[in-house]
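Please read them with the structure open.

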Amino acid sequence: MFNGQERHDENIMRTCENAQGTVKMNTDKEQVEEALTLVQQRTGRVFGDSSNPLLVSVRSGARASMPGMMDTVLNLGLNDQTVEALAKKSGDRRFAFDSYRRFVQMYSDVVLGIEINHFEKHLDRAKEKRGVKQDCELLAEDLEKLVKSYKAVVQLELGEEFPEDPKAQLWGAIGAVFNSWMNQRAKTYRQLHDIPEWWGTAVNVQAMVFGNMGNDCATGVAFTRDPSTGTNEFYGEFLVNAQGEDVVAGIRTPQELTIKARKSHGSDLPSLEEVMPNIFKELLSVRSQLENHYKDMQDIEFTIQQGKLYMLQTRNGKRTAPAALQIAVDMAKEGLISKSQALMSLKPDLIDQ
């Protein structure tokens, strides 16, 4: 995504899924190709190209925020040719094959329906053989072998090879994200939060940015205020040299955004405020812009690629009942919303909590 400012330009496809789960396209392949061409023009890269490839992420875009309920595919567009181009273009073979092994695992899980533990066993063996504990400590040669092992898993489980054609990968991921609207966790979430099934979802296809290109890269999640207490303090976590799924997967210990949070949690790991002070200041500015625009506490995802901040998405953040009350009162006092808007933002079921 391009610094988070032109999301609508990067959407390759938007469509709705009805209550029976059948997909109704409001665009055809020609329109998808037109939108993909626009993304290529904006990035200067070409989807599926063997010298300067464009990689994309495929995400849900439901009318109501449903954090973690629907599927996502990252690094889409990689194959045995484009990974070599990515390695040459970036000058970092380890980064290229780290992205490739992540893609094969995620696509196989989300689109092909292969249990993720089949791949994690190979990853654990690779770390054991190398004598390391973290994924980021594996070498390029380890990751190349992992990709081959992962593809062998696909062949064994499905009796067919992992798809090499980027266009086939794209349509497979689009279909899988639509289908995830009807998975059990999404259904349950909608029932709990009174979200109509007929609303359906969209699929957003965005140009990839990479938080796993080195120590000047990172990925993180944050709330513009504390979702537990409602305190007007920046709250969140990040990881250096990582991609989005690493933050929530529990495989590495995340770092705090602020010095204050690091000290209050007794962490020895440096905060974003310390390791990337300029990026932190920019993120604070974005935090302010988002609250002023949406008039609500935001839940954001961001990536830092080689010292540049990219905003991936934002949505109204979930919060506890005490936090909801505190945020409503504070925002009214700050002049962001009126007293009547503050009252209307507090749902009756908060009293039960």
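How many bridges join strand β5 to β7, and in which sense do the two strands run? The first point below takes this up.

The model is predicted: local features need pLDDT of at least 70, side-chain atom pairs count only at pLDDT 80 or more, and totals for chains, interfaces and linings use all residues. Residues are numbered from 1 along each chain as its sequence is written, and side-chain values use heavy atoms, with hydrogens and water left out.

1. Strand β5 (residues 56-60) is joined to β7 by 5 bridges, and the two run antiparallel. Strands pair here if DSSP finds at least two bridges between them; strands are DSSP runs of E of at least two residues and helices are runs of H or I of at least four, both numbered from the N terminus. Within this pair, Val58 stands opposite Val205 in β7.

2. The open sheet to which these strands belong has 3 strands in the order β6-β5-β7, with antiparallel pairing. Its edges are β6 (73-76) and β7 (203-207); each has a single partner strand, so one side of each is left without a neighbour in the sheet. On average, neighbouring strands of this sheet are turned by 20 degrees against each other, direction ignored. Helix α7 (residues 166-179) packs on the sheet and touches β5, β6 and β7, its direction making about 15 degrees with that of β5. Contact means heavy atoms within 4.5 Å. Axes are lines fitted to C-alpha atoms, for helices over the stretch in contact, and angles run from 0 to 180 degrees between N-to-C directions.

3. Another open sheet has 5 strands, ordered β10-β9-β8-β11-β12, and its pairing is antiparallel. At the edges stand β10 (255-256) and β12 (308-316), each with a single partner strand, so one side of each has no neighbour in the sheet. Helix α12 (residues 277-294) packs on this sheet, where it touches β11 (298-305) and β12; the direction of α12 makes about 30 degrees with that of β12.

4. Strands β8 (residues 218-223) and β9 (residues 235-240) are antiparallel and joined by 6 bridges, with Ala218 opposite Val240 in β9. β8 also pairs with β11 in the antiparallel sense over 6 bridges, and Thr219 stands opposite Thr303 in β11. Between β11 and β12, which run antiparallel, there are 8 bridges; Ile304 has Leu309 of β12 as its bridge partner.

5. How many residues of β11 are buried? The count is 8 of the 8, so β11 is largely enclosed by the rest of the structure. Buried means under 20% relative accessible area, exposed over 50%, and partly exposed in between (1.4 Å probe, protein chains only). Gln298, Ile300, Phe302 and Ile304 point one way from the strand, while Asp299, Glu301, Thr303 and Gln305 point the other way.

6. Two loop residues deserve a look at the backbone. Most residues other than glycine have a negative phi. Gln306 lies in the turn of the hairpin formed by β11 and β12, which has 2 residues between the strands, and has a positive phi of about 50 degrees. Gln306 is partly exposed, at 47% relative accessibility. Asn241 has a positive phi near 55 degrees and is found in the loop between β9 and α9 (244-249).

7. The axes of helix α4 (residues 93-110) and helix α6 (residues 140-158) come within 8 Å and cross at roughly 20 degrees. That makes α4 roughly parallel to α6 (angles under 35 degrees count as roughly parallel, over 145 as roughly antiparallel, 65 to 115 as roughly perpendicular and the rest as oblique). The contact includes Phe97, Tyr100 and Val104 of α4 and Leu143, Val147 and Tyr150 of α6. By class it has 8 nonpolar, 2 polar and 6 charged residues. Ala, Val, Leu, Ile, Met, Phe, Trp, Tyr, Cys and Pro count as nonpolar, Asp, Glu, Lys and Arg as charged, and the others, Gly among them, as polar.

8. Helix α5 (residues 117-130) also meets α6: their axes come within 10 Å and cross at roughly 155 degrees, which makes α5 roughly antiparallel to α6. Among the contact residues are Phe119 and Leu123 of α5 and Leu146, Tyr150 and Val153 of α6.
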